[in-house]
Amino acid sequence: MALNLSQKQEVVAELAEVAAKAHSLVAAEYAGTTVSQMTEMRKKARQSGVFLKVVKNTLAARAVAGTEFEVVKDALVGPLLYAFSTEEPGAAGRLIKEFAKTNDKLKPKVVSIEGKLFDAAHVDVLASLPTREEALAMLARVLAEPVTMFARAVKAVADKQGGGEVAAEAPAEA
């Protein structure tokens, strides 16, 4: 369906707003994907914080102008599906990678993170980034490890000096 000028301007404004706030962009070829597959992908995208849109490449190029995704302008060739990660950087990569496993017609073409352009092979790298919760759990483990090691060392010294047995007997006498 052809869009008139005002509709095109709305699409460009919407994409520009999303691109300004997004962490990463994955553009994928989708030709041959069924409507039910696209509907399922859109549903998963909404759940995972990914903005998914099919637009003309010229409109997408205008929308990303002035954002960190401007580097993809020359790589936008052919029918493309644009996935912007709005909540966490790896979400779009995980979404495209997951659906590309079951649909051989969906092929990642361009990946952009922090103003850098990468080829399709970097979708795997992007998809392997931890979620926010996973990253916080890793950080908590790293921060807790020195305290744990110190507690083990103190206990080992106490056990070696016989203080551990005295401490264990004290509550029994009381």
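Let's start with contacts, meaning heavy atoms within 4.5 Å. Among those between residues at least 6 apart in sequence, 78% join residues at least 24 apart.

A word on the source. This is a predicted model, where local features need pLDDT of at least 70, side-chain atom pairs count only at pLDDT 80 or more, and totals for chains, interfaces and linings use all residues. Residues are numbered from 1 along each chain as its sequence is written, and side-chain values use heavy atoms, with hydrogens and water left out.

Now the layout. The protein has seven helices and five strands. These are DSSP runs numbered from the N terminus: helices are H or I, at least four residues, and strands are E, at least two. The order along the sequence is α-β-α-β-α-β-α-β-β-α-α-α.

Of the 174 residues, 30% count as buried. Buried means under 20% relative accessible area, exposed over 50%, and partly exposed in between, with a 1.4 Å probe and protein chains only.

On to helix 1. Which residues are buried there? They are V11, V12, L15, V18 and A19. Seen down the axis, they fall within an arc of 130°, so they line one face of helix 1. That arc is taken from the directions from the helix axis to the C-beta atoms. On the other side, L5, E10, A20 and K21 are exposed.

What do the buried residues pack against? Strand 2 (50-54), helix 3 (57-64) and strand 3 (80-85).

Last, T67. This residue sits in the loop between helix 3 and strand 3. T67 counts as buried because its relative accessibility is 15%. Leaving out residues up to four places away in sequence, T67 touches A19 and A20.
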